[in-house]
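Please work through each task before reading its solution.

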Amino acid sequence: MPYTAEISRSNPTSIIFLVDQSTSMSDPIGGEVPQQKADVVADAINRLLTELSVKCAKEEGVRDYFHVAVIGYGATVGSALAGPLEGRDLVPLSEVADNPARIDERSKKVSDGAGGLVETAVNFPLWMDPVAHGGTPMNRALQYAEGLVAGWTERYPAGFPPIVINLTDGESTDGDPTAAADAVTSHATADGAALLFNLHVSAAGGTPTAFPDSADTLPDSYARTLFGMSSPLPSHMRSYAASQGQRVSETTRGFVYNADITTVVQFLDIGTRATELR
Amino acid sequence: MGPATGSQRRFPSGAEYAEALQHTQLCFHHPELRGARPELTGLGLPRPISGAFASVFSLTSPSSGRRYAVKCFTRHVPDQERRYEAISSRLALLDPAELSQPWNLGFEYLPDAISVGRERYPVLKMEWAEAVTLSSWLDDNHADRIAVDRLADRFEELTRDLADHQIAHGDLQHGNLLVASDDTLRLVDYDGMYVPALAGLGGTERGHRNYQSPLRGNDDFGVDLDRFSTWVIFLSLKAIASEPALWSRLHEPSGEFLLLTEDDFTSPAGSARLQTLLTHPDRMVSGLADQVRTLACQPLDMLPPLTLAVPRQRATATVITDTTAHSAAAAPGTGGLPSWMTGHVASAASQTQPAPSVASPDRFQFRTPLDAAVAVVWPVMLAVTVLALAMGLSTALFGPAVPMLAAAAFSVFGRARRTERAQTRAVLSGLTAELDQLDDPVKAERKLRKDRAKFDAAETKRTADHPREQSKLTASYHGELQQIEKRRIRKRQELDKKIAGLSAERGKALRTALTTRQSAYVRDRLGRQLIAQNPPYGIGPKLAARLAAAGVRTAADFTGYRTVHNAHYNSVGAQLVLSNGRRIDVQGIGETKAIALDAWRRQLVAAAEARQPTALTAQERQSIDQGIEVRRTRLTAELLSVDAAAEASRTKAQKELEDGQARLTRENTLAGERARQQRQEFSRRAVTLQQNSARHAALSSAAETAEAHRRRLSLLRYLRFLYTGR
């Protein structure tokens, strides 16, 4: 069965985030208080990195179950990490956890326990800042990711395959990205082909959707292209998505439309195995 | 997998809990937790310890000053509250005095205890255990054989406590077994615990992969849940106690296991780690390893409890401590001989030969008549010589020495007839012959040492080659899997593309069908327009008849005309183009008539086109859709078959790997057997050599003695013997 290799410190896997930093990312997007798409995406990355660090925290600290790269694409293609990790691509997770660019204080409304809400400040670690400048060279970004994936599968040929997560508003400016996406997922370890997931942040409307199994309900051709590029969810991930109450089938893909993608971190099995839902 | 239900609600993630815990005075109501101080990371954020189902935070209560481990759940667990209640009340029944060690930790399930976002979630408030995980304890203490051995026994006692109370933990592993400062065990993480009250509920987890039977499935949830893992852990601890170096050899510094991993259970034949334990010289270790290998392929409910194996060993231990040296010597590992050696050692002992006795006489005994005669001859001959000298009868005939020489010759003869000399010589030659038969021990030892060194070098190479061969096999297997996966993905992508192209294909088919239908309609309309009945301008009945004779009766019979220039006459004529492309001359049809015919036809065409059908019939449409559906079904089936084919190839590769591994193991076992025989042979040679060398020394010294004896039987001694009898 593919996608069953143990993720451990001696057999880690890599997660490569591709972040769209094109000018179009400065457009506002829905919600009660419209936000720039670039903010939404940077926020998602920072939360994903926090989430990964917490997931891999053990008694003695954060374990290197993963190596992480954050690649931005816009005016240029390259590492989007800021602060001490600036310019680096694949970084062991323990280093990521210990070296955010800074810790911001954000105000947040939380329940006061008496039915009301009270505003408090919470600390929020940041590794990258929102950028919106230049075109959307998605092909080049995918090629960059392909290079990292190829190197990784050669280094850990028996491990869980690398996971590439692309966060974008969908409008590639250097051609149809499908072939470049296929090239990424053509690399494989003995445990399976590399996985490519997409988060589509779009102002085109339609229902926010996480991990759909068909492109029928998607509002535009960008979303459908990204859906087509996304890998089908491996069975244990499907099972996890189902345990969260999502409708899944054999054709469910790693695609999220205008919804929270941080749950994907919960899909990664480390250590004790959950029983699979049937 | 229906829609989201209340019982399957989404839980906060670890990071969301960590954020909420930045304000414990807001997120908790509980008097002891409200405002509790969380332990922080270097970045000043609450420090989590995460598992697959929850993140645990250390919180110190401001009111009581006590430290708690607070477990926040990240996944929905069916019937969680009921489970914890059942577990809690079962553990509350345990009498601390009856337990082997205080392994159980108190906990309290607090529903709706923490608010995250706008909702409240349960937490588990637990005593904080001042203890380290089994794996980090082993990192520090593996060299302390006595401590590890004691821990193994404590572990066995812990499993006995659990079994006695019909409890199963569900996920025994290096992270859930903690070792306190007094080297007793603590058991943490009761999420997957089985207690009798939960029978029939089903499990929530399948345990850590490196500790569980390959056969443990989703439905296994009962009192025998821990059996496989207890054998694995007990084997590991006993093995480390027997040989601490195994911890560094078999355990990887950051590996999530003790000495064995999942692969060692799923394919024991190819497992170098398991082989090491199976062939361990300590028979308790090899025995336990064999047990684990056997258990890995047995259904869970067939597995024996660890306690079944241990009493025997306990009994032995008692024998060692409180009975005589005799029974202690009989116990394994305390100086008694391994059974396979007894035969060899006994026979080696009985083979020792008696030391060679030097039975050769070193003096003459008992004079014979010949000796008496010799003894008489000497005085007689002396007298004769004296007389001869005195009578001057000397000389020319026989010198004065002649009688003496005769006496001497007679003495020599006499001595030669003594048996002592023959005996001595016989003994000596016997010894020399035996010595000649024995190899020179020095040379033989040198040869043995050389043979051994050569063999050891070959063995070192062979044992080093074996894991290399194994990893070569595994690598080629992984390479094969990689290729299979790549092929599968490529095929899928091709098919995906074809499937995605189907709707374009359908559109094209619909358009083509419509065009065909329209042109058929136009052709049909044209075919109904007889030139003779509805003549175009300027075509009379005569011309119409000529046209009909040439095959042009209706507007459908021709498609146009071509002008023909006759260079000779500089005149212009026309040829009609038939619908089959052929051109004909029709008498009377010049350019003008042809243009009229053509205009007539065009007009008819335009009229027909205006009324041609603009859509396909439902039936036509359906037949095209059906065709496309057939293609889609076929492609989808192909898509599925790609996965099936990949699975088949993987199974084949797996089979090849297993065959290869089995072959390697077979070869290795054979080679090991041969090596053992060879080593035994060397030992036999060494024993013989030792015996020979002792024998050689004894023989040499006996030969020396015999030679000394021989020398002592000299002529002078003989003469002395003749007269003194000694």
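**Exercise 1.** Determine what percentage of the residues in chain B is buried, and characterise the overall make-up of the chain.

*Solution.* Step 1: of the 726 residues in chain B, 28% are buried; a residue is buried if 20 or more other C-beta atoms lie within 10 Å of its own, exposed if 12 or fewer, and partly exposed in between, with C-beta atoms placed from the backbone. Step 2: the model is predicted, and local features need pLDDT of at least 70, side-chain atom pairs count only at pLDDT 80 or more, while totals for chains, interfaces and linings use all residues. Residues are numbered from 1 along each chain as its sequence is written, and chains are lettered from A and ligands numbered from 1 in the order in which they are written. Step 3: chain B contains 21 helices and 13 strands, taken as DSSP runs numbered from the N terminus (helices: H or I, at least four residues; strands: E, at least two). Step 4: two residues are in contact if their C-beta atoms, placed from the backbone, lie within 7 Å. Among contacts in chain B between residues at least 6 apart in sequence, 67% join residues at least 24 apart.

**Exercise 2.** State the confidence of the model and locate stretches of chain B where pLDDT stays under 50.

*Solution.* Step 1: pLDDT is the predictor's confidence in each residue, from 0 to 100; its mean over chain B is 83, and 91% of the residues reach 70 or more. Step 2: residues 1–7 of chain B stay under 50, with 9 contacts beyond four places in sequence. Residues 311–352 of chain B also stay under 50, and the model has 19 such contacts for them. Step 3: the model scores are ipTM 0.93 and pTM 0.63.

**Exercise 3.** Describe the side of chain B that touches chain A.

*Solution.* Step 1: 54 residues of chain B are in contact with 54 residues of chain A. Step 2: the elements of chain B that give two or more residues to this side are α1 (14–20), β2 (48–50), β10 (205–208) and α17 (441–527). Step 3: α17(B) gives the most, with 9 residues. Step 4: by class, there are 14 nonpolar, 26 polar and 14 charged residues on this side; Ala, Val, Leu, Ile, Met, Phe, Trp, Tyr, Cys and Pro count as nonpolar, Asp, Glu, Lys and Arg as charged, and the others, Gly among them, as polar.

**Exercise 4.** Explain why B:Leu502 is classed as partly exposed, and identify what B:Leu502 touches.

*Solution.* Step 1: B:Leu502 belongs to helix α17 of chain B. Step 2: B:Leu502 is partly exposed because 14 other C-beta atoms lie within 10 Å. Step 3: not counting residues up to four places away in sequence, B:Leu502 touches B:Ile628, B:Arg631 and B:Arg632. Step 4: B:Leu502 and B:Ile628 are 126 residues apart in sequence, yet 6.9 Å apart in space, C-alpha to C-alpha.
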